[in-house]
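Here are my notes on the model you asked about. Have it open beside you while you read.

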Amino acid sequence: MGQRSRATTIADVAAHAGVSQASVSRVLNGRASVDPEIVRRVQASIAELDYRPSPTARSLVNGRNNTVAMVVPDLENPLFQGILKGLSLAAARDGYRVLVADTAENVDDEEAVAVEARQRCDALVLCAPRMPEARLRALVDAVSPVVVVNRPLPGADVPVVGVDYVRGIRDLVDHLHDLGHRRIAYVSGPPTSASNAERRRGVAEALAAHPDVRIDEVPGGSRLDDGYAASDAVLAAHRDGCTAVIAFNDLVALGLMTRLHELGVEVPRDLSIAGFDDVPMAGFATPRLTSMSVPRGEIGGQVWLRLRTLIDGGPVEHSVLYSPRLEARGSTAAIGERATALAGGVA
């Protein structure tokens with residue numbers, strides 16, 4: 001019977017290189033104080049013996065396990081998927097893995113999930129948590145190092161990477177105003193969503209900039225079925241004069257468009273529809289969905305840059321707020337005779 005080969009250990013490397021195990025550990029952990037000749041010998045032995053350091057052993061040495069966790073409210077949302085991909089790619093280049101915790105829109109679970117995730121990882125990314133601001137501020141102190149995504153925390157000693165939703169909504173209203181729309185419905189997001197509060201600020205600023213515009217708020221959510229379910233309220237607003245709709249995000253807009261098509265309402269002939277986030281499926285809808293483009297992958301990369309600095313003991317770097325870009329497509333159009341007639345003559 002053949003003898004089972006055993007894995008090469010740090011002791012084997014030390015013996016082969018003629019140095020102590022402590023010296024091998026210092027080389028593996030990148031200590032700058034190690035003599036260059038020892039570094040050369042250890043690296044040569046590692047290559048010759050095909051030694052692969054155990055992640056568990058290394059975590060015991062340096063107090064890290066080279067993983068970080070990202071807490072999201074809904075991983076089905078392509079916005080979070082894109083941010084996660086950008087974060088994962090950037091972290092992988094530095095030898096880190098990203099674990100994901102989905103709270104399924106359950107506000108009561110967010111705090112416990114975040115704490116448990118942090119206990120298992122070196123650092124944490126909180127992506128648009130729903131919890132009240134006072135609890136969130138206490139949480140980020142308890143789980144540092146942490147980076148917050150899409151949640152403004154003025155004055156907090158934590159980096160924030162997010163999207164300027166206020167500016168994005170204003171740009172969408174400007175776009176629809178240029179097309180002749182003066183009555184608009186906003187299908188809102190989850191009531192506890194911080195980004196929904198930012199969008200509502202954008203609505204208020206747009207109304208101040210355009211006194212001739214009226215914007216009616218319709219209850220919605222953040223998912224496809226929320227947009228589908230909002231169709232009755234949207235059609236009621238349409239009968240009352242609305243000729244265009246801004247949805248909380250693209251998923252809501254796409255769900256709404258699906259139901260309107262089933263009801264025989266043509267977009268954009270009867271009603272213009274716009275979304276937010278510019279998720280991949282927005283460009284493949286019929287008609288293609290007008291949306292505000294958000295650099296999801298770049299956001300993920302910026303999150304990692306700030307998180308890695310914190311992990312290494314560096315300072316809290318400045319926060320980043322991305323301005324979304326308008327992608328005008330076929331779901332919005334100038335108000336026409338058909339839309340004007342259906343809206344009771346309001347233009």
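1. First, the ground rules. This is a predicted model, where local features need pLDDT of at least 70 and side-chain atom pairs count only at pLDDT 80 or more, while totals for chains, interfaces and linings use all residues. Residues are numbered from 1 along each chain as its sequence is written, and side-chain values use heavy atoms, with hydrogens and water left out.

2. The overall picture: the protein chain has 14 helices and 12 strands. Helices (H or I, at least four residues) and strands (E, at least two) are DSSP runs, numbered from the N terminus. Of the 347 residues, 50% are buried, where buried means under 20% relative accessible area, with exposed over 50% and partly exposed in between (1.4 Å probe, protein chains only). Among contacts (heavy atoms within 4.5 Å) between residues at least 6 apart in sequence, 71% join residues at least 24 apart.

3. Six strands form an open sheet in the order 2-1-3-4-5-11, with parallel pairing; two strands pair if DSSP finds at least two bridges between them. Strand 2 (97-102) and strand 11 (320-322) are the edges, each with a single partner strand, so one side of each has no neighbour in the sheet. Inside this arrangement, strand 1 (residues 67-72) and strand 3 (residues 123-127) run parallel and are joined by four bridges.

4. Met70, Ile299 and Trp304 touch the most other members of the largest nonpolar core, which has 45 residues. Such a core is a set of buried Ala, Val, Leu, Ile, Met, Phe, Trp, Tyr and Cys residues joined through side-chain atoms within 4.5 Å. Helix 5 (residues 78-93) gives the most to this core, seven residues. Leaving out residues up to four places away in sequence, Met70 touches Phe80, Ile83, Leu84 and Leu87, among others.

5. There is also a second, separate core of 24 residues, including Ala230, Val234, Leu260 and Ile273.

6. Is Asp277 buried or exposed? Asp277 sits in the loop between strand 9 (272-274) and strand 10 (291-293), and it counts as buried because its relative accessible area is 2%. Neighbours within four places in sequence aside, its contacts include Leu79, Tyr165, Arg199, Asn249, Asp250 and Arg296.
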